[in-house]
Amino acid sequence: MTQLHYIFDPVCGWCYGAAPLISAARTIPGLKLVFHAGGMMTGMNRRPVTTQLRNYIVASDERIAQLTGQVFGKDYLDGLLRDSSVVLNSAPPSTAILAAEQLAGRGLDMLKQLQIAHYVHGLRIAEIEVLQNIAKEMGLDVTEFTAAYVRLDGVETQKHFTKSRELLARVGGQGFPTLALEHADGIFERIDLGKWLGHTTEWIAYLSNFAVSNNDAESLVNGLACNIDGCSI
């Protein structure tokens, strides 16, 4: 089976911009999507939201919105990004993603909900209470989720980050998001993601050629309903 490797960070704006493409990729039969959290803002790279950082982020987010149609909410732009007490930290939400995957195979669902919580609702997704509420809204058992989070926090999450960075280097990626196809022969092919942003239907057609026959690919594309939130059949 062809695998699509997705190297990302939950507080990466361009990863949020790519979210509809990731949702669409998950609909393709015969294509396995494997995620790798990269730990962009962890340890010494955690960042308080200063005025300078806010201005940089807002300019980037405007570009992302123009290219992808993704919505950046008022509570995020005028709330979270204007709160000088906020520190952007990738580790807690990444651990939550790993916990959701371990519990129920729902790591990517957790990522999607974290992105909405952060970029639309302006929630502090580095706080355990926020993560627990998201897990509850997803239908996960909060006690089990918390126990999994505690097990994976720290060393295990750092191991995951290290492996993700090793893969990033292996496929020649320069940052987040990076996507690469791993073919049946074990050869990796990095994808130029930029040209697909905002073009979800064409993206489905492209990826389908690696996973199903041309006839099946055409049927799949014709049966898709795509919008800025992703695709459904």
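Predicted model: local features only at pLDDT ≥ 70, side-chain atom pairs only at ≥ 80, totals over all residues.
How many residues line the largest pocket, and which of them lie nearest its centre? Residues are numbered from 1 along each chain as its sequence is written, and side-chain values use heavy atoms, with hydrogens and water left out.

**View 1. The largest pocket and its lining.** There are 18 lining residues, with V11, G13, M40, Y56 and I57 nearest the centre. (A pocket is an open set of points on a 1 Å grid over the protein atoms alone, where a 1.4 Å probe fits, with protein on both sides within 12 Å along at least five of seven lines; lining residues have an atom within 4 Å of a point.) Its volume, the space filled by probe spheres set on the points, is about 300 Å³. Helix α3 (51–68) gives the largest share of the lining, six residues. (Helices are DSSP runs of H or I, at least four residues, and strands runs of E, at least two, numbered from the N terminus.)

**View 2. Where α5 meets α6.** The axes of α5 (residues 91–104) and α6 come within 7 Å and cross at roughly 145 degrees. (Axes are lines fitted to C-alpha atoms over the stretch in contact, with angles from 0 to 180 degrees between N-to-C directions.) On the α5 side sit P93, A96, I97, A100 and E101, meeting G107, L108, M110, L111 and L114 of α6; contact means heavy atoms within 4.5 Å.

**View 3. A cis peptide bond.** F176 and P177 are joined by a cis peptide bond, with omega about 0 degrees. You'll find P177 in the loop between α9 (155–170) and β5 (178–182).
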